[in-house]
Amino acid sequence: MKAAVYHGRRDVRIEDRPEPGSPGPGEVVLEVLMGGICGTDAGEFVHGPLLIPLDVRHPASRHRGPVILGHEFVGRIATVGPEVEDLAVGQRVVPGAAWWCGQCRWCLEGRSNLCAQYFVFGLHADGGLAALAKVPARMCHVVPDACGDESAAMGQPVAIALHAVRQSGVQPGQVLALIGVGGIGSCILAAAQAQGISPIIAIDIDEQRLERAARLGVSFLVNTRREDPEHAMRRLTGGVGADVVIEASGASLAPEQALTLVRRGGRVLLMGLQAAHRVLDLRAMVLREIELRCSNGHVCDVDLPEALTLLATTDLACTLLDRVIGLDALVHDGLLPLAEHQVHGKILVDIKRT
């Protein structure tokens, strides 16, 4: 079968790979309909391997050799393995990105995204940028009929956004500032608005991204190429600062900037992945009683069904979509422009497109 295979830095090949074989107990095989790529994929392509354990001694490695990319995808069930209940051949489903054990302390606390044995399909095991993919049935959620394939393929990033908003603790009536309104940032805007959060201040350096934020209904836009974000925050909040700041850009100075934009006694949530260690003014954080939280991934059984409902009942996917490409164009029209920050929305991959 045709698949997008990661061999190392700047080495992703579209090649024939063996089909995944019959599903085992608790597994299903999916005919992949549509996939998505994100900053993590682009980062692995340009700077990796970072998360992808090409070294088989890596504790997260689930197989030997190069890995099939793709942790965001929707598929139709082709085969059902033994002991699978509530799923049937022909159903469209979206898998969560990762496997969890269900037995460790974190799983029992309802935080399966922090599972002690957590691993991600498309990073640590073969993923969904291929004709077929084999995944655990328990991580698959049925796609509502009103949710098209393009919308469903965005289920996983929207689930990540919903988890981040939940982790931030922001409440209706509080001022939310979001640094970075790219692909995941736009999902956060939609997730926050779906939960009644207003006003929202979107902060970015890219005018096209901010225009999309405006289409999503954001209250205030701040282009940091034109206005100092601290001055803008004082202007928009009467000198108080935001109640909650979410940093979703991963830019090197953004965590430090987030601390300057939040009010005394406020909260900062970090979810953008940094490329290196950063220095933060902990003294100022203590004196101002700033609460610092982080968000990673999503809780499959909580966030993914909510994400699919949101995508089925809104036109969010149309607003987020930048382009749909074929699998053969993954590197040239997908990974490269994404890594070079030339993309202003979500890139989807139609597996069957030639």
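Student: In this predicted model, what makes α1 roughly perpendicular to α12?

Tutor: Helix α1 (residues 39–47) and helix α12 (residues 330–339) pack at an angle of about 90 degrees, and their axes are 8 Å apart. Angles of 65 to 115 degrees count as roughly perpendicular, and therefore α1 is described as roughly perpendicular to α12.

Student: Which residues make that contact?

Tutor: From α1 come Gly39, Asp41, Ala42, Phe45 and Val46, and from α12 come Val331, Leu335, Leu336, Leu338 and Ala339. By class, the contact of α1 with α12 divides into eight nonpolar residues, one polar and one charged.

Student: Why are α4 and α5 called oblique to each other?

Tutor: The packing angle of α4 and α5 is about 60 degrees, with the axes 8 Å apart. Roughly parallel requires an angle under 35 degrees, and roughly perpendicular begins at 65. The pair α4 and α5 is therefore oblique. As to handedness, α4 passes α5 in a right-handed crossing.

Student: What classes of residue does the contact of α4 with α5 have?

Tutor: The contact of α4 with α5 has 12 nonpolar residues, no polar and no charged ones. On the α4 side are Pro157, Val158, Ile160, Ala161, Leu162, Ala164 and Val165, which meet Ile184, Cys187, Ile188, Ala191 and Ala192 in α5.

Student: How do you know that α7 is roughly parallel to α8?

Tutor: Helix α7 (residues 229–237) and helix α8 (residues 254–261) pack at about 25 degrees, with axes 10 Å apart. The cut-off for roughly parallel is an angle under 35 degrees, so α7 qualifies as roughly parallel to α8. In this contact, Pro229, Glu230 and Met233 in α7 meet Gln257, Thr260 and Leu261 in α8. The contact of α7 with α8 has three nonpolar, two polar and one charged residues by class.

Student: What span does helix α10 reach, and what span is expected?

Tutor: Helix α10 (residues 300–313) has 14 residues and reaches 20 Å from its first C-alpha to its last, which is close to the 20 Å expected at 1.5 Å a residue. Its buried residues are Cys300, Asp303, Leu304, Ala307, Leu308, Leu310, Leu311 and Ala312. Among the elements covering the buried residues of α10 are α4 (155–168), α5 (183–194) and α11 (316–320).

Student: Why is Lys346 called buried, and why is Lys352 called exposed?

Tutor: Buried means under 20% relative accessible area and exposed means over 50%. Lys346 has 10% and is therefore buried, whereas Lys352 has 54% and therefore counts as exposed. Lys346 is in strand β18, and Lys352 lies in the segment after β18 (346–350). Not counting residues up to four places away in sequence, Lys346 touches residues including Glu72, Asp322 and Arg323. For Lys352, the C-alpha atom is separated by 7.1 Å from that of Gly326, 26 residues apart along the chain.

Student: What is noted about phi of Glu289 and of His341, and are these residues buried or exposed?

Tutor: Phi of Glu289 is near 50 degrees, a positive value in a residue other than glycine. His341 has a positive phi of about 60 degrees and is not a glycine either. Glu289 lies in the loop between α9 (282–288) and β16 (291–294), while His341 is found in the loop between α12 and β18. The exposed class requires over 50%; Glu289, at 63% relative accessibility, therefore counts as exposed, and His341, at 61%, therefore counts as exposed.

Definitions and conventions
Residues numbered from 1 in each chain as written. Predicted model: local features only at pLDDT ≥ 70, side-chain atom pairs only at ≥ 80, totals over all residues. Heavy atoms only, no water. Helix = DSSP H or I, 4+ residues; strand = E, 2+ residues; numbered from the N terminus. Expected span 1.5 Å × (residues − 1). Buried < 20%, exposed > 50% of the residue type's maximum accessible area, 1.4 Å probe, protein only. Contact = heavy atoms within 4.5 Å. Axes fitted to C-alpha atoms, helices over the stretch in contact; angles between N-to-C directions. Parallel < 35°, antiparallel > 145°, perpendicular 65-115°, else oblique. Left-handed = near helix turned anticlockwise from the far one by under 90°. Nonpolar A, V, L, I, M, F, W, Y, C, P; charged D, E, K, R; others polar.
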